[in-house]
Amino acid sequence: MKIASWNVNSLKVRLPHLEEWVKLAQPDVLALQETKLEDPAFPHGEIAALGYAHRAVSGQKTYNGVALLSRAPITDVQVGIPGFDDPQRRVIAGTIDDVRVVDLYVVNGQAVGSEKFAYKLDWLARLRDWLAQEIARHPRLVVLGDFNIAPADIDVHDPAAWHEAVLCSTPERDALRAIQALGLFDSFRKLHPQAGEFSWWDYRQGAFRRNIGLRIDLVLVSDALRPRLAAAGIDRVPRTWERPSDHAPAWIDLA
DNA sequence: ATGGTGGTGCGACCA
């Protein structure tokens, strides 16, 4: 089962890229972030035509928005973090075959010390508490999405320039480590030890061409699924296309 | 030090 994550930065604009990429990569499950569409505007017909007969969506106008697309049925859909009345549409989860999939668009946080940064840390703490329950209920768990956190300096093009900046700061990395301590490992890093592998490049200053990026799109896999992890990757190809998302898709293959 | 790009939507925000 191939499972992918992609921050599309507007599904309306990126639908042609999504159509092109799924033909190339053929994921069985595709978790989207930043769809920026209210649910009635979701392009169900176009996406069903790509083979995704099953879809679970949670969107809003202009900002945020997540969706799970699947060839196989999605059961036990959960929208948002239970018990957390968050108006921002950032979380959707569902069970596909025997795997629980949690799709996240983590808060960006703007700048260390800002109000949005405090919201990010609070959000991550609530997420951790919920994921503790999820992994107990569903030992075969995949948590993927735009984490807006580069896990370590190896995931940063210029660690000195990003030292203690938002997306790279110690409190954010500690929050990610606390989530991973539940029994979730970083699939890409487990299989690819080399530096210089990123998933996001700023639109400005030709950052992609110069590979000035961060690895912030992650696929965390529970220890129970470790024997089934056959491959993990980041596909830079759609980032080379005209009018791209600023993020590349990240994916895993489970046997 | 500033602003540099892009999406939404038409001004100002978010990233």
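**Entry 1: the fold of chain A**

I began by counting secondary structure in chain A, and found 5 helices and 14 strands. The radius of gyration of chain A is 17 Å, close to the 18 Å from the globule rule for 255 residues, so chain A is as compact as a globular protein of that length. I keep in mind that this is a predicted model.

Next I looked up the box that holds the C-alpha atoms of chain A: along the principal axes it is roughly 45 × 45 × 35 Å. I also checked burial, and 55% of the 255 residues in chain A are buried.

**Entry 2: one tyrosine, Y105**

I picked out Y105 and asked myself which strand it lies in. The strand is β7, which covers residues 99-105. Is Y105 buried or exposed? Y105 has 8% relative accessibility, and buried means under 20%, so Y105 counts as buried.

I then turned to G65, which is 40 residues away from Y105 along the chain. The C-alpha atoms of Y105 and G65 are separated by 7.8 Å.

**Entry 3: rings and charges**

I went looking for aromatic pairs and came away with 2. One of them joins W201 and F208 edge-to-face, with 4.8 Å from centre to centre and 85 degrees between the planes. I looked up burial for these two residues as well: W201 is buried, and F208 is buried too.

I also noted charges over rings. K2 lies over the face of W251, 4.5 Å from the ring centre. R126 lies over the face of F84, and here the distance to the ring centre is 4.3 Å.

**Entry 4: around DNA strand B**

My last stop was the DNA. How many residues are around DNA strand B? I find 16, and the ones that come nearest are S10, T62, N108, K116 and R204. Of the atoms of DNA strand B that come within 4 Å of the protein, 72% belong to sugar and phosphate.

Then I went through some polar contacts. For S10, an N or O atom of the side chain is 2.2 Å from a phosphate oxygen of DNA strand B. K116 has a polar side-chain atom 2.2 Å from a phosphate oxygen of DNA strand B. What does R204 reach on DNA strand B? A polar side-chain atom of R204 lies 3.4 Å from a base oxygen.

Terms used:
Residues are numbered from 1 along each chain as its sequence is written. Chains are lettered from A and ligands numbered from 1 in the order in which they are written. This is a predicted model: local features need pLDDT of at least 70, side-chain atom pairs count only at pLDDT 80 or more; totals for chains, interfaces and linings use all residues. Side-chain values use heavy atoms; hydrogens and water are left out. A residue is near a molecule or strand if one of its heavy atoms lies within 4 Å of it. A polar contact is a pair of N or O atoms within 3.5 Å; within protein, one must be able to donate a hydrogen and the other to accept it, and residues adjacent in sequence count only if both atoms are side-chain atoms. Rings of Phe, Tyr and Trp (its six-membered ring) pair if their centres lie within 6.5 Å; planes under 30 degrees apart count as stacked, over 60 as edge-to-face and the rest as tilted. Buried means under 20% relative accessible area, exposed over 50%, partly exposed in between (1.4 Å probe, protein chains only). A charge sits over a ring if NZ of Lys or CZ of Arg is within 6 Å of the ring centre and within 35 degrees of the ring normal. Helices (H or I, at least four residues) and strands (E, at least two) are DSSP runs, numbered from the N terminus. The radius of gyration is taken over C-alpha atoms; the globule rule is 2.2 Å times the number of residues to the power 0.38.
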